[in-house]
Every structure is written in C-alpha cells, then in structure tokens.
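The following paragraphs go through a predicted model, from the fold of one chain to its contacts and then to the confidence scores. Please keep the structure open while reading.

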Amino acid sequence: MTEPLARTPLFDFHVALGARVVPFAGWEMPVQYSGIIEEHIAVRKAAGLFDVSHMGEARVRGRDAAAFLDHLMTNEMSSIKPGSARYTIMCQPDGGCVDDLIVYRISENEFFICLNASNAAKDIAWMQSHIGAHQVEVIDECKSWAQLALQGPLAEKILSLATDLPLVSIKRFHFLVGTVAGTPDCIVSRTGYTGSAGFEIYLPAKQATSVAQKLIELGKPIGLLPVGLGARDSLRLEAGYPLYGHEISEKISPIQAGLGWTVKLNKSDFIGRAALQKQTSEGTASKVVHFTLSDRRIARQGTPILSGDTVVGEVLSGTLSPILNKPIGSALVQSSADPASLAVDIRGTRIPLQIAVAPFVK
Amino acid sequence: MSQVPADLRYTKDHEWIRQEADGTATVGITDHAQAALGDVTFVDLPKVGKSFNAGDVFGTVESVKAASDLYCPVAGEIVAVNTGLNDAPDLVNREPYAGAWMIRIKLKNSADFAQLLDANAYQLTL
C-alpha cells in the first residue's frame with residue numbers, strides 16, 4: 001500500500017540548503033534547516049521562506065461556480081469579491097470537516113482553491129461528486145503549481161525587491177496576479193499560516209527554484225531564513241490556527257473547534273448545515289481548548305486530559321512556544337468538564353493545564 | 001559528519017560513557033543523537049541514589065518535535081546529575097560531550113564498561 005513519496009519542485013533546493021527531509025502527507029518535505037527554534041524566531045522578528053508546494057490547488061469555474069461553492073462550503077462564497085479570498089471549512093453532512101481551505105475569487109465565475117496536501121485528492125473527488133446539476137467544472141491543478149510562503153515583519157520589504165506589484169495595495173486576504181523574480185502569472189496573496197505578516201505566492205511549478213533562490217538571495221542580508229515544516233507547525237499553533245487532523249477532522253466539527261465564525265447558517269443551504277445548526281443551538285459534547293503548561297515538558301498529541309482521575313479528553317497538538325518559552329497546546333475536552341480542574345500526566349508527573357485564549361502570541 | 005571522540009565508549013542507542021578515575025562513569029548523548037533530535041527543550045533526569053540496570057530508561061530528552069528515552073549503558077547507582085541542564089537544555093545541542101553530560105553513575109561491575117562499543121564500532125552504526 002505504501003506509495004512512493006512525492007517531491008516538490010524545490011527538493012534539490014532544500015538539500016542544497018542542508019535541510020533535514022522527512023516524509024509528510026506523502027511528500028518528502030524539509031522539517032528544518034538551521035533549527036526549529038531559530039527558524040521560528042526568524043519569522044517573528046525578520047522573515048522566513050517556506051516551500052509549501054505540497055499543498056493542493058483546484059480551480060472551479062462555470063456559470064454556477066459561486067452557487068456550487070456556497071453549497072459545499074460553510075462560509076459564504078458568493079459574496080467574495082474578485083481579487084479577494086476567504087477561509088472556509090468544507091463539511092460532511094454530519095458536520096465533520098472534509099478540509100479547511102482558502103478560496104480565491106479570480107472573477108465572477110472562476111475560483112481558485114488551496115487544499116491541504118493530505119486531503120487534496122479527497123477534496124477534489126468530493127467536489128466533483130457534488131456537482132449535480134450545477135453548471136461548473138472542478139479542475140485539479142495540484143501538479144501545475146508550486147507555493148511559497150514568505151512570512152514575517154520583513155516579508156513585504158523582501159518581496160518588494162523581487163516584484164513591481166503594488167504590495168501596499170494588497171490588503172489582508174486579497175491578492176494580485178503578476179511577475180515575481182522574473183516569473184509571470186504568480187498569484188501573490190496577503191495570507192499566511194504563521195500569525196505574522198506576509199504573503200503566500202502561487203507560482204508555476206517549473207519556475208519555483210529560480211524564484212525561491214532569488215528571494216533567499218534578496219532576503220538573506222536582512223535576516224530571511226528558509227523555514228521547514230517544524231517551525232511552520234510551532235508558528236501556526238502559537239497563532240492558534242487549526243491543523244487538519246488535529247484541531248479539525250472528520251470527527252471534529254468547526255463548531256467544536258471554535259471556528260463558528262466560518263459557519264454562515266443564514267446563507268443558502270449547504271452540506272452540513274443542519275448538523276452545525278443543531279450543534280450551535282444545543283452545544284457539543286466536546287470542544288477544542290488551548291492551554292499552556294507551567295513546566296518544560298511538552299504535552300503531545302494523544303496525551304490524555306484528566307479531571308481528577310477521570311479521562312475527559314486528549315491533547316490534539318503540543319509544542320514549545322519559542323516566544324513564550326513554555327509548552328503550549330490544544331486539546332479536545334468534554335464540554336462538561338471544569339476547565340480549572342484539567343491536568344495532564346506526562347511520564348508520571350501531573351501538570352495542571354492553564355486554559356488560554358489563542359492566539360498565544362499577539 | 002557528527003563527532004565521535006575516540007576516548008569514549010558508546011551504546012547503539014547513542015549514549016556516550018566516559019570512565020572516570022574514581023570508579024564512576026559519566027553518561028550523555030552523542031553528537032549524532034543531538035543532531036537527530038533537533039532543538040532540545042527539556043531533559044528529565046533521575047534522582048541521585050537511584051539504581052538502574054543496563055538498558056533501563058533513566059530519563060527523557062525532549063526536543064520541539066519529540067520526547068526520547070535515555071537508556072542507562074551500565075548497571076549502577078546515580079551519584080550525580082547535571083542540574084545545569086534544567087536552565088540550559090540547549091547545551092545538549094551545543095556541547096553534547098562536555099557541558100551537557102547527564103548523569104554520573106557508580107558501576108556495579110566495572111567489567112561492564114568493556115562490553116560497550118568503542119568509537120570505531122559506534123561510528124559503523126551511524
């Protein structure tokens with residue numbers, strides 16, 4: 001059953017930069033270059049360049065594209081203006097998550113969608129299976145695109161050295177299409193998964209290496225580092241962003257995950273609406289909470305959450321916050337449990353959870 | 001290439017051990033191990049006076065990505081632990097063979113030492 005691992009167009013670039021490459025979601029990806037903590041801090045203080053070409057892309061176009069996406073997604077798609085983007089969940093009928101996505105509106109009847117690597121094939125099959133009577137086509141563009149994320153307070157300065165696009169005019173969750181480092185037809189979007197300012201750049205796969213090399217060359221003198229998936233995870237958790245398979249999944253709905261703001265119950269009917277409406281009005285048996293620990297031990301995924309001697313949940317994600325310099329995490333916990341009573345047992349040491357409101361770092 | 005000092009002994013689990021003049025031995029983890037772990041954030045060490053058999057878990061080293069058990073290379077009693085690692089766990093990354101020693105152990109059988117891998121043998125496992 002084991003499929004061969006895929007490589008992004010930047011594989012040789014990673015190896016040349018001394019990355020440690022590991023399997024992730026069917027891809028050989030860099031987990032770190034110089035070190036997770038150093039890379040994390042570079043993104044918070046200067047800038048980091050991530051290869052996220054493992055992420056999938058799909059294009060949805062046709063007369064009914066907006067109505068079709070409104071039927072599939074929890075957030076409202078028909079009100080997105082061309083040139084802007086919106087975060088959304090795509091749900092199952094029971095309210096569990098198929099995936100979380102960013103949908104870009106290219107024009108009135110054309111949308112571009114960023115999919116999680118591990119879900120890309122499932123998502124595209126799901127969308128195609130729900131076309132029904134809609135006048136729309138769903139095109140798999142995963143292999144056509146590479147994706148770079150340039151994140152951090154100096155990201156805009158660095159990118160401005162590589163493009164004539166008016167970056168200042170791109171507001172958060174907006175995008176422009178243009179030339180970056182000599183490569184035309186790049187989608188430059190002011191979005192990200194770190195909690196720091198920055199851009200995500202979708203570019204033709206064949207040009208990925210030359211663009212990445214140019215950005216590193218331009219940014220290195222002011223502190224840009226290549227950043228791997230290790231720091232991508234610690235950054236997103238510090239920012240309180242969900243990761244599919246952790247805070248959201250086929251078993252954990254957006255309502256449970258605290259993502260109710262992405263669920264527009266008052267728009268036209270959509271897959272999962274009835275279940276999510278019920279969860280919203282009646283509450284859910286369990287919900288996602290964030291926490292810090294006053295200890296050095298990290299509570300990792302799967303660690304049981306205790307209230308007294310009773311197991312009332314489990315850790316979904318855990319890491320050390322390099323900025324707070326203490327362990328942070330998320331957990332799925334029974335809604336009836338007293339938040340003040342929660343603790344984890346890590347190798348025989350009982351540590352109380354301190355419930356926190358994400359983002360951990362503003 | 002990771003460093004493998006010639007004057008130490010090793011386990012296949014990537015601990016190093018150095019025989020001291022007073023009959024004790026000092027234990028830490030190798031350069032290869034620290035590089036594989038990445039940024040070390042915490043080292044959980046046993047209390048002085050505790051005894052272990054060879055191969056027992058004597059502690060845990062945590063990095064951002066994972067927690068890994070530490071295995072006692074020889075049987076004996078803990079006579080000292082490096083409390084400096086509480087405040088500076090990153091010493092494991094910076095000085096795996098010096099500042100980041102972890103435990104000092106009084107060997108039950110000094111002959112056990114000869115059973116451990118020498119530098120050449122350990123190098124071959126990498």
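Chain A has eight helices and 21 strands, where helices (H or I, at least four residues) and strands (E, at least two) are DSSP runs numbered from the N terminus. The radius of gyration of chain A is 21 Å, close to the 21 Å that the globule rule gives for 362 residues, so chain A is as compact as a globular protein of that length. That radius is taken over C-alpha atoms, and the rule is 2.2 Å times the number of residues to the power 0.38. The C-alpha trace of chain A spans about 60 × 55 × 45 Å along its principal axes.

As for numbering, residues count from 1 along each chain as its sequence is written, chains are lettered from A and ligands numbered from 1 in the order in which they are written. Because the model is predicted, local features need pLDDT of at least 70 and side-chain atom pairs count only at pLDDT 80 or more, while totals for chains, interfaces and linings use all residues.

Of the 362 residues of chain A, 48% count as buried, that is, with 20 or more other C-beta atoms, placed from the backbone, within 10 Å of their own. Residues are in contact if their C-beta atoms, placed from the backbone, lie within 7 Å. Among contacts in chain A between residues at least 6 apart in sequence, 67% join residues at least 24 apart.

Chain A is assigned domain 1 (1-282) and domain 2 (285-356), with bounds from an automatic or database domain assignment. The C-alpha centres of these two domains of chain A lie 28 Å apart. Their contact takes 16 residues from domain 1 of chain A and 14 residues from domain 2 of chain A. On the domain 1 side, α2 (36-45) and α7 (229-238) of chain A each supply at least two residues. The residues of that side divide into six nonpolar, six polar and four charged; here Ala, Val, Leu, Ile, Met, Phe, Trp, Tyr, Cys and Pro count as nonpolar, Asp, Glu, Lys and Arg as charged, and the others, Gly among them, as polar.

The contact between the chains takes 13 residues from chain A and 10 residues from chain B. On the side of chain A, the elements giving two or more residues are α2, α7 and β17 (310-321) of chain A. This side comprises four nonpolar, five polar and four charged residues.

Chain B averages a pLDDT (the predictor's confidence in each residue, from 0 to 100) of 95, and 100% of its residues score at least 70. The model scores ipTM 0.85 and pTM 0.94.

Note on methods:
Two residues are in contact if their C-beta atoms, placed from the backbone, lie within 7 Å. A residue is buried if 20 or more other C-beta atoms lie within 10 Å of its own, exposed if 12 or fewer, and partly exposed in between; C-beta atoms are placed from the backbone.
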